[in-house]
Amino acid sequence: MNLFLLPLVSFLVYLAPPDKNVHRIHQRVLTLDTHADAPIMMQKAGFDVGQRHNTKGSGSQIDFPRMKEGNMDAMFFAVYTSQGPRTPEGHAEAKRNALNQFDLIHQALKKYPDLAELATTPEDAYRIEKAGKRAVFIGMENGYPVGQDLSLLKTYYDLGCRYMTLTHFANNLIGDSSTDPDGPMYGGLSEFGKKVVPEMNRLGILIDVSHVADSTFYDVLELSKAPVIASHSNSRALCDFPRNMTDEMIKAIAAKGGVVQVNFVSDYLKKPSEAHRAAKTKIRMARVGKVVTPEMEARMTALSDSVAKAYASERASLADIVDHIDHIVKLVGIDHVGIGSDFDGGGGVNGLEDVSQIENLTAELVRRNYSETDIAKIWGGNLLRVLGQAKVR
């Protein structure tokens with residue numbers, strides 16, 4: 001080939017139209033993401049989820065206009081609270097923080113009724129999609145805001161919560177986390193946690209086992225009468241990290257009728273170097289057990305950006321996401337896998353930077369010969385089936 005033609009060839013390839021078959025499939029299936037940290041950005045002064053933002057400029061990966069661009073039909077916005085002190089004061093602050101995030105979500109939906117609507121049932125998702133709007137479900141990441149007050153589960157349910165991740169990076173009063181630097185407190189669920197599980201079943205809040213210790217996981221599966229989900233976890237066989245699910249855990253979730261929702265965080269997809277993992281772990285654990293001030297948050301954000309730039313060559317790709325989907329499908333079948341991106345919470349890979357680009361994932365699934373029926377299950381059908389089975393008395 002004439003070397004002088006290479007720039008022109010590259011330019012033409014870049015401008016090649018998207019695959020029409022992929023686009024049609026992506027438009028037809030209901031796309032649902034079970035873990036999006038949009039409320040993290042919504043708490044920042046001046047951020048408006050109803051306006052389009054640029055990922056590089058704002059750091060955000062989600063807003064209603066970009067959801068529409070990417071044809072992301074539904075998302076669970078996660079009410080996230082980092083694990084602070086396990087004290088009455090700490091729990092009161094976590095409750096205040098959680099209630100504020102619920103309020104921010106409701107305010108945004110009230111401000112933009114033509115763009116998005118609250119969803120709490122599978123039927124809502126399909127109805128809102130048909131109306132051409134975005135369906136916003138609400139989940140809670142970390143049971144910390146429950147404290148020791150079981151009645152708060154009903155409070156959060158009434159505000160729209162439809163799943164709760166029992167723990168986060170550290171142990172709380174519900175149970176042990178997979179990553180607490182001090183190790184386990186209870187050897188699984190606490191006595192209080194053993195009351196939380198049946199109450200969530202009674203209300204219809206899905207139990208999310210992402211982040212929990214393996215011992216907590218098995219306690220939950222023994223106690224729960226409803227299927228459970230891992231809202232944003234990957235395969236430990238492909239990426240050895242305690243936040244991910246072993247093959248035995250994936251099989252156990254499937255046997256109970258649940259779903260593992262594959263996550264887009266690079267170091268849960270592809271094992272990083274030891275130096276990279278150590279740097280990321282230091283950042284994650286810096287908040288544990290502490291009251292996070294704005295100054296501390298700014299320092300952690302700057303350090304995260306610095307680490308990301310230093311180890312950019314290790315970042316995972318779109319293909320790595322589908323490798324994890326492939327592994328779960330081969331292990332337990334097509335009915336037990338879904339998508340939980342963790343956008344705005346560390347999710348994002350080469351080829352899939354924000355919610356406007358999610359059709360790229362559909363394209364990779366098509367390339368690997370998944371049928372439209374399979375893709376519909378992965379993108380939302382499986383999770384909505386399980387949500388419909390969440391309430392068990």
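**Helix packing and a partly exposed alanine**

The axes of helix 10 (residues 214–223) and helix 11 (residues 247–255) come within 11 Å and cross at roughly 20 degrees, where axes are lines fitted to C-alpha atoms, for helices over the stretch in contact, and angles run from 0 to 180 degrees between N-to-C directions. This is a predicted model, in which local features need pLDDT of at least 70 and side-chain atom pairs count only at pLDDT 80 or more, while totals for chains, interfaces and linings use all residues. Residues are numbered from 1 along each chain as its sequence is written, and side-chain values use heavy atoms, with hydrogens and water left out.

**Helix 10 with helix 11**
- Helix 10 and helix 11 are therefore roughly parallel to each other (angles under 35 degrees).
- Asp214, Phe217, Tyr218 and Leu221 of helix 10 make the contact with Glu248, Met249, Ala252 and Ile253 of helix 11, contact meaning heavy atoms within 4.5 Å.

**Helix 6**
- Helix 6 (residues 88–111) has 24 residues, which at 1.5 Å a residue should span 34 Å, and this agrees with its end C-alpha atoms, which are 34 Å apart; the expected span is 1.5 Å times one less than the number of residues.
- Among the buried residues of helix 6 are His91, Asn97, Gln101 and Phe102 (buried means under 20% relative accessible area, exposed over 50%, partly exposed in between, with a 1.4 Å probe and protein chains only).

**Ala376**
- Ala376 lies in helix 17 (residues 372–387) and, at 28% relative accessibility, counts as partly exposed.
- Ala376 touches Val29 and Gly381, residues up to four places away in sequence not being counted.
- Ala376 and Gly338 are 38 residues apart in sequence, and their C-alpha atoms are 9.6 Å apart in space.

How values were computed: Helix = DSSP H or I, 4+ residues; strand = E, 2+ residues; numbered from the N terminus. Parallel < 35°, antiparallel > 145°, perpendicular 65-115°, else oblique.
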